[in-house]
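Here are my notes for your first look at this chain. Keep the view open as you read.

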Amino acid sequence: MSTAPDPEPREPKTALVFDDPLDQQTSDDTDRGWGERPSGDSASDLKRFLDEKPPHHI
């Protein structure tokens, strides 16, 4: 009579998380990155303005 081979160990399944996602802080909840502009002179400001101008403002 033959014996069955030992089963290989399985990785545990990830558990479902039922936390409220609105309780977690997002990157939009901080002031980091809002309104920051690279420092430069008026020529770089003009270049930035022309680069970011919408097509309907040509």
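1. Leu46, Phe49 and Leu50 make a nonpolar patch of about 310 Å². (Patches take residues with over 30% relative accessible area and no salt bridge; like charges are joined within 9 Å, nonpolar side chains, namely Val, Leu, Ile, Met, Phe, Trp and Tyr, within 5 Å.) Areas come from the Shrake-Rupley method with a 1.4 Å probe, and for residues only the protein chains shown count as cover.

2. Remember that this is a predicted model: local features need pLDDT of at least 70, side-chain atom pairs need 80 or more, and totals for chains, interfaces and linings use all residues. Residues are numbered from 1 along each chain as its sequence is written, and side-chain values use heavy atoms, without hydrogens and water.

3. The chain has 1 helix and 0 strands. (Both are DSSP runs, numbered from the N terminus: helices are H or I, at least four residues; strands are E, at least two.) Leucine 46 sits in helix 1, residues 42-52.

4. How much of the chain is buried? Buried residues make up 0% of the 58 residues. (Buried means under 20% relative accessible area, exposed over 50%, partly exposed in between, with a 1.4 Å probe and protein chains only.) Leucine 46 is partly exposed, because its relative accessibility is 49%.

5. The whole structure holds 2 salt bridges. (Each is a side-chain nitrogen of Lys or Arg within 4 Å of a carboxyl oxygen of Asp or Glu.) Aspartate 51 pairs with lysine 47, closest N and O atoms 2.8 Å apart. Both are exposed.

6. Arginine 48 bridges to glutamate 52 at 3.3 Å. They are 4 residues apart in helix 1, so about one helical turn separates them.
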